[in-house]
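Please look over the structure below. A short report on the fold and the ligand site follows.

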Amino acid sequence: MVRMRRLRASSNIRSLVRETVVTKDDLVYPIFIKEGTNIKEPVDSMPGIYQYSQDRFGEELDRIINAGIKAILVFGIPAHKDEVGSEAYNDNGVTQNAIRAIKQKAPNIIIIADVCLCEYTSHGHCGLVCRSEILNDETLEPLAKMSVSLANAGADIIAPSDMMDGRIEYIRNALDKNGFKNTIIMAYSAKFASAYYSPFRDAAQSTPLFGDRKTYQMDPANGHEAIRECENDIAEGADIIMVKPALAYLDVIKDVSYSTDYPIAAYNVSGEYSMVKAASINGWIDEQRVVMENMTAIKRAGAKIIITYHALDVAHWLS
Ligand code: PBG
Ligand code: ZN
């Protein structure tokens, strides 16, 4: 008789045979910096998450560093938006200034800069728009300008989240040409057109004014296509690839992990966070156990890097 329970008999034997361990090294914490002063604004749909102005962000940065988090993902929210999202590549824009300030205060923290136009365009789409079409090729140049501007401000990793075709190669070339050969690209490669992003759109004020993102983000029904997206981005020069969202797409993470040896990041997105928070605020689930189970599941599926709004809590629980 096979006695599986032998290896479950005590906490020590369980940890000796444990296959998957989540550590602080795996965590990336997303942050929202809003243009202006003296802002600490709660995001209603994401309990525990705030928009900060740069002058107030210092207190949060101390918490992040003291918790032992080593990487953050920065989203800027500009005061002025226009049709083409020109604030995205303003060298003195909200995101660029925030990155410079963070680098000065905490030179070792890894700064990942999200590259996309949707927080900067008046229509809220991730690319340039002409008669309700989201333009692909015309969007590459502003994305490249934004990437160079963010690298110049001190971003260690550029993370294009727009899902335009060909942007990784275009951005890689622009970075190289401008002296940023060593800037890492983390590509949002398999990013699905998901209903799980809606709390984020409150936080980043980036809800599209018309239509949806289905002509550029992936169809949630397609797993094989996710592998092609990842292969394309690797061929174009991505250093790290991403699957997003995470929990409803663990199969995709697993399939991608079998198809490549590149490091995989998974984005445990806003809606996934808010659902756990809502249930735990109501006392319906044990927040710590559910979150740690989710983190473990994401890693077990094959992701090394976990981008999550739970990162601060997870880091505390791991201490
Ligand atoms: C912008 C972007 C989105 C997220 C990260 N970057 C949302 C979107 O496509 O509207 C989602 C993050 C989250 O839901 O936590 N391109
Ligand atoms: Zn976008």
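How many helices and strands are there in the chain?

## Overall fold

This is a predicted model. The chain holds eleven helices and twelve strands.

The C-alpha trace spans about 65 × 45 × 40 Å along the principal axes of the chain.

## The ligand site

Where does ligand 1 sit? The space that ligand 1 takes is the largest cavity. Ligand 1 is surrounded by 18 residues. Arg201, Gln217, Lys244, Ser270 and Tyr309 are the closest of them.

What is the make-up of the shell around ligand 1? Ten of its residues are nonpolar. Three are polar and five are charged.

## Polar contacts and burial

In the side chain of Gln217, an N or O atom is 2.7 Å from an oxygen atom of the ligand. For Ser270, a side-chain N or O atom likewise lies 2.7 Å from an oxygen atom of ligand 1. With Lys244, the ligand atom is a nitrogen, and the distance to an N or O atom of the side chain is 3.5 Å.

How much of ligand 1 does the protein bury? Taken alone, ligand 1 exposes 400 Å². The protein buries 100% of that area.

Conventions:
Residues numbered from 1 in each chain as written. Chains lettered and ligands numbered in written order. Predicted model: local features only at pLDDT ≥ 70, side-chain atom pairs only at ≥ 80, totals over all residues. Heavy atoms only, no water. Near = heavy atom within 4 Å. Polar contact = N/O pair within 3.5 Å; in protein donor to acceptor, adjacent residues only side chain to side chain. Areas by Shrake-Rupley, 256 points an atom, 1.4 Å probe, with all protein chains shown as cover. 1 Å grid on protein atoms, 1.4 Å probe; cavity = no way out; pocket = protein on both sides within 12 Å on 5 of 7 lines; lining within 4 Å. Sits in = over half its atoms within 2 Å of the grid points. Nonpolar A, V, L, I, M, F, W, Y, C, P; charged D, E, K, R; others polar. Helix = DSSP H or I, 4+ residues; strand = E, 2+ residues; numbered from the N terminus.
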